[in-house]
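User: I have a structure open and would like to go through it. Can we start with the aromatic rings and then move to the ligand?
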Amino acid sequence: MLKLIRLILGSLIAFFNWLTRGRKLSRSAEQQALVEQALKSYALYQFTLCPFCIKVRRTLHQLNLPMELRDAKNNQQFRQELKEQGGKIKVPCLRIDHGDKVEWMYESDDINHFLKEKFSKG
Ligand SMILES: N[C@@H](CCC(=O)N[C@@H](CS)C(=O)NCC(=O)O)C(=O)O
């Protein structure tokens with residue numbers, strides 16, 4: 001029963017988000033290519049219908065950030081990585097590969113703040 005309520009609520013939130021998320025940020029082709037190159041160091045661990053994940057995916061859409069999304073509900077490899085390397089199964093979680101170390105950022109507000117600071121300028 002709880003699963004069904006979550007499914008209905010999650011689907012409604014996803015639908016209203018889709019209706020209201022607005023337009024993507026526009027960049028020059030060169031700038032967009034640079035952003036997409038930088039995004040290779042990032043991945044978002046998430047569930048499709050989690051409201052906090054929808055909130056972060058809305059920001060990804062608005063900032064025009066085609067980041068890799070990793071389904072930590074259905075993909076056992078991603079779920080295991082999140083648990084063992086991130087420390088817990090909680091989504092959304094942004095994985096940032098800094099080269100010499102990997103950072104696991106939890107909390108949708110922190111992730112959105114980070115993405116806006118880093119990518120909102122042209
Ligand atoms: N305060 C957190 C809440 C995140 C949260 O509660 N996520 C839920 C899914 S909606 C979760 O990961 N639950 C663990 C699980 O379902 O195993 C945020 O804003 O990111």
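Analyst: F15 and W18 both lie in helix α1 (residues 2–20), three residues apart, about one turn of the helix. Helices here are DSSP runs of H or I with at least four residues, strands are runs of E with at least two, and both are numbered from the N terminus. This is a predicted model, where local features need pLDDT of at least 70 and side-chain atom pairs count only at pLDDT 80 or more, while totals for chains, interfaces and linings use all residues. Residues are numbered from 1 along each chain as its sequence is written, and side-chain values use heavy atoms, with hydrogens and water left out.

User: How many aromatic pairs does the structure hold?
Analyst: It holds six. Rings of Phe, Tyr and Trp (its six-membered ring) pair if their centres lie within 6.5 Å; planes under 30 degrees apart count as stacked, over 60 as edge-to-face and the rest as tilted. One of the pairs is F15 with W18, which is stacked, at 6.2 Å centre to centre and 25° between the planes. F15 and W18 also form one aromatic cluster with F16.

User: And Y45 with F78, what sort of pair is that?
Analyst: Y45 and F78 are edge-to-face, with 6.1 Å centre to centre and 85° between the planes. Y45 is in strand β1 (residues 42–46) and F78 in helix α4 (residues 76–86), so the pair ties together parts that are 33 residues apart in sequence. Both Y45 and F78 are buried.

User: OK, ligand now. Which residues surround it?
Analyst: The ligand is surrounded by F47, C50, F52, I89, K90, V91, P92, E107 and S108. Being near means that a heavy atom of the residue lies within 4 Å of the molecule.

User: Which side chains have an N or O atom by the ligand?
Analyst: E107 has a side-chain N or O atom 2.8 Å from a nitrogen atom of the ligand. For S108, a side-chain N or O atom is 2.6 Å from a ligand oxygen atom.

User: Where does the charged end of K73 sit?
Analyst: The charged end of K73 sits over the ring of F47, 4.4 Å from its centre. That term requires NZ of Lys or CZ of Arg within 6 Å of the ring centre and within 35 degrees of the ring normal.

Key: Polar contact = N/O pair within 3.5 Å; in protein donor to acceptor, adjacent residues only side chain to side chain. Buried < 20%, exposed > 50% of the residue type's maximum accessible area, 1.4 Å probe, protein only.
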